Amino acid sequence: MNYYFLESQYPRRGFISGGTTFTPELDMNYLAIENPLPEGTTAEVELLSTVRNLKVDYFETITGTRHVSDRFKALLEETNTNTQFIPTTVCYHDGRSIEKTYWTAHQLDRLDVFDYENSEYGRKAVTAASVQQPPRKIVKVVSQICLHEERIGEHEFFMLDYINIFKPIISKDFYEVCRKHKLNLNVTEVGNVSI
């Protein structure tokens, strides 16, 4: 496999998360929003009390938002991604501000590249049949993922469509670029899934 899931859990640092609020306030649950957020939208993240020192370049929140550092955003903007970046203020649970600049990575490309034949998942026959005979069923329980890599094209940062996995995926080549720039990212190879 040539792709990795971005993780919000880091060795020795544990799980990085918090809650996100938007200004102006959203009129629906963030996860249900499929369109760009209005121009001028900003976000604020309050980290969980277990997070004492934020030195990572990617993390997610319990509200479903994904956050990237300024350095990670700069690299992403050089790739094939249609992500909208929302200015975000991040603070610790006690109100202290984070020194780094972060952005909410909104509306990542969702690609229909899941290999229904070679992956392992629940209700395989019924779900796979729905690809040809809509309505399309969502894959909810996955134990092994194979991708149609030829359909991904030049996408370096994306989500899987029709799959109940909310972790973004980055290409192996793009991950190597991030490592050369010394970004602090935790990844797991796309393949066997532990969710």
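In the predicted model, Pro-24 is located in the loop that runs between strands β4 (18-23) and β5 (42-47). The peptide bond joining Thr-23 to Pro-24 is cis, with omega of about -5°. A cis peptide bond also joins Pro-134 and Pro-135, where omega is about 15°. Pro-135 is placed in the loop between helix α2 (124-132) and strand β12 (142-144).

Tyr-162, although not a glycine, has a positive phi of about 65°. This residue lies in the loop between β13 (157-160) and β14 (169-171), and Tyr-162 counts as partly exposed because its relative accessibility is 28%, a value between the limits of 20% and 50%. For Lys-182, phi is likewise positive, near 60°, in a residue other than glycine. Lys-182 occupies the loop between α4 (172-180) and β15 (186-189); with 68% relative accessibility, Lys-182 is therefore classed as exposed.

A further lysine, Lys-73, belongs to helix α1 (residues 70-76). Its relative accessibility is 12%, so Lys-73 counts as buried, the cut-off for this class being under 20%. When neighbours within four places in sequence are left aside, the contacts of Lys-73 are with Val-68, Phe-85 and Trp-103.

Overall, the protein chain contains 4 helices and 15 strands. The C-alpha trace spans about 50 × 40 × 30 Å along its principal axes. The radius of gyration of the chain is 17 Å, in agreement with the value near 16 Å that a compact globule of 195 residues would have. Of the 195 residues, 48% are buried. Among contacts between residues at least 6 apart in sequence, 71% join residues at least 24 apart. The accessible surface of the chain amounts to about 10,800 Å², and carbon and sulfur atoms account for 46% of this area.

How values were computed: Residues numbered from 1 in each chain as written. Predicted model: local features only at pLDDT ≥ 70, side-chain atom pairs only at ≥ 80, totals over all residues. Heavy atoms only, no water. Helix = DSSP H or I, 4+ residues; strand = E, 2+ residues; numbered from the N terminus. Rg over C-alpha atoms; globule rule 2.2 N^0.38 Å. Buried < 20%, exposed > 50% of the residue type's maximum accessible area, 1.4 Å probe, protein only. Contact = heavy atoms within 4.5 Å. Areas by Shrake-Rupley, 256 points an atom, 1.4 Å probe, with all protein chains shown as cover.
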